[in-house]
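Trainee: Can we go through this one together? I'd like to start with whatever term I need for the helix end.
Mentor: Fine. Have a look at it, then we'll take the term.

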Amino acid sequence: MDRTLILECNKKIDETVKICGWVQVRRDHGKIIFLDISDRSGVIQVVATGDLAGDLHPQDVVCIEGQVSKRPEKLVNPNLETGTIELQAKSVEVLVKAQELPFDMGAKELDLQLPTLLDYRSLTLRYPKVKDIFKVQASLLDGFRNAAKKLECTEIVVPTIAAASTEGGAEVFQVNYFGYKGFLTQSPQLYKQMMIPVFERVFTVAKAYRAEPSVTTRHLTESTQMDCEFGFVDFNDLLDFLENIAIATIDEAAKNCSDILERFNVERPKFGKTPRLTLREAQEIIYQETGRDNRGEKDLEPQDEVDICKWALKEHGSDLVTITHFPTKKRAFYTLPDPEDPEFSLSYDLLFRGLEISSGSQRINDYQQLVETIKERGMDPKNFEMYLQAFKYGMPPEGGFSFGLERITMHLLELSNIREASLFPRDMERVDVRLSTLR
Ligand code: AMO
């Protein structure tokens, strides 16, 4: 008999079908045993006798033939897509027995500490509420790709082994590349810029590596960046594109996953017109609102990001706020200083519900200015030979931005730690397993 997907059973009342999937939960009620079986489409309750259910337990892989029947009115489960039906098992084939589980995967809440959740990642990812996080993430990726394509960006795939570090600083992983010094890219930055004279508008979803020396709830050593880059644009065009893509990306996921947002008990994001503030204006507002005087600081502190977002929601009904004009020295070498006040740059960060989710800038597109800036920053233009070629031979005014996928996922679902929003998170202490267990 051909396999029927679980959700399809809704249309097969009184028919005999074969479903295949995993045992999620087993409930013994005397001689009757209820099994929740899941597949890629959903979950269904199976009613089996003790003989048929044998010693089945969660994560066993089974195929079950049986008759789809309507549940009695009072046993309907409104929270389940198949809540009005159940499957009366006639035969059970065990394809694969799972070993005994280290914890109860059938529980209503997976009550585990984060390290344990990650130690057993390939198992805990199957838990419905954990799986939901990555359905939202997939939807964010769709939303980003759709929004970038709407703006006529071409998708590119870029390298992650490079000959020079992109964002500067010490936070770079070195690799021994056949005896030569190589680096893992801190962002797809240099490659997306090199592609401007090729396609004019590009986007990419790329891994970014940062040797972050501190353990925080919002930094990973390997994160996923969703980047765009545009030629023939000015600063205002870039801000429009940034906010347009952010709203389209988040809104598509929030719409497609409204059931998941409900299960996580989080509200759909609000997108009134996104307020735009310079860093100095934001610091002034924070001072007025909270009395905390960070005017003159070179960046926003985490608490500043929280406070300015609270203000944006209160005053503008927006979960997003754009901050512009960061000090030139605090931004990467490719950032264009503001011609009217070169101490500050044509740069921006986009904050979402209290956290920076994106940043970018108008770029230096003049070859000589770029070479000079690289030298001023104590770097050697020779290490940027391929990159500089693109500027030598005709680079239009250009700019772009990058979104952190895990950060958006985290704040859309109001998770408390970014590691929950990464399938297999890497940090100072973990690459799949705890590094301490490798020593
Ligand atoms: P930036 O370094 O600000 O800019 O990174 C862009 C976005 O990526 C996310 N992000 C991170 N997420 C998790 N862990 C990390 N360690 C981490 N680092 C960054 C954040 C951040 O806003 N090349 C520039 C972008 C550009 O100018 O186009 C860049 O990489 O959400």
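Mentor: A polar contact here is a pair of N or O atoms within 3.5 Å, and within protein one must be able to donate a hydrogen and the other to accept it. Keep in mind that this is a predicted model.

Trainee: OK. Which residue caps the N-terminal end of α7?
Mentor: Asp-234 does. One of its side-chain oxygens is 3.1 Å from the backbone nitrogen of Asn-236.

Trainee: Switching to the ligand. How many residues surround it?
Mentor: 24, and the closest are Gln-189, Lys-192, Glu-356, Ser-359 and Arg-363.

Trainee: What does Arg-363 do there, in terms of atoms?
Mentor: A polar atom of the Arg-363 side chain lies 2.8 Å from a ligand oxygen. Backbone atoms take part as well: a polar one of Leu-220 is 2.9 Å from a ligand nitrogen, and a polar one of Ser-358 is 3.3 Å from a ligand oxygen.

Trainee: How much of the ligand does the protein bury?
Mentor: 93% of the 620 Å² that the ligand exposes when taken alone.

Trainee: Which element gives the largest share of the shell?
Mentor: β17, with five residues. Elements supplying at least two residues each include α5, β11 and β18.

Trainee: And by class, what is in the shell?
Mentor: Eleven polar, eight charged and five nonpolar residues.

Definitions and conventions: Residues numbered from 1 in each chain as written. Predicted model: local features only at pLDDT ≥ 70, side-chain atom pairs only at ≥ 80, totals over all residues. Heavy atoms only, no water. Helix = DSSP H or I, 4+ residues; strand = E, 2+ residues; numbered from the N terminus. Near = heavy atom within 4 Å. Areas by Shrake-Rupley, 256 points an atom, 1.4 Å probe, with all protein chains shown as cover. Nonpolar A, V, L, I, M, F, W, Y, C, P; charged D, E, K, R; others polar.
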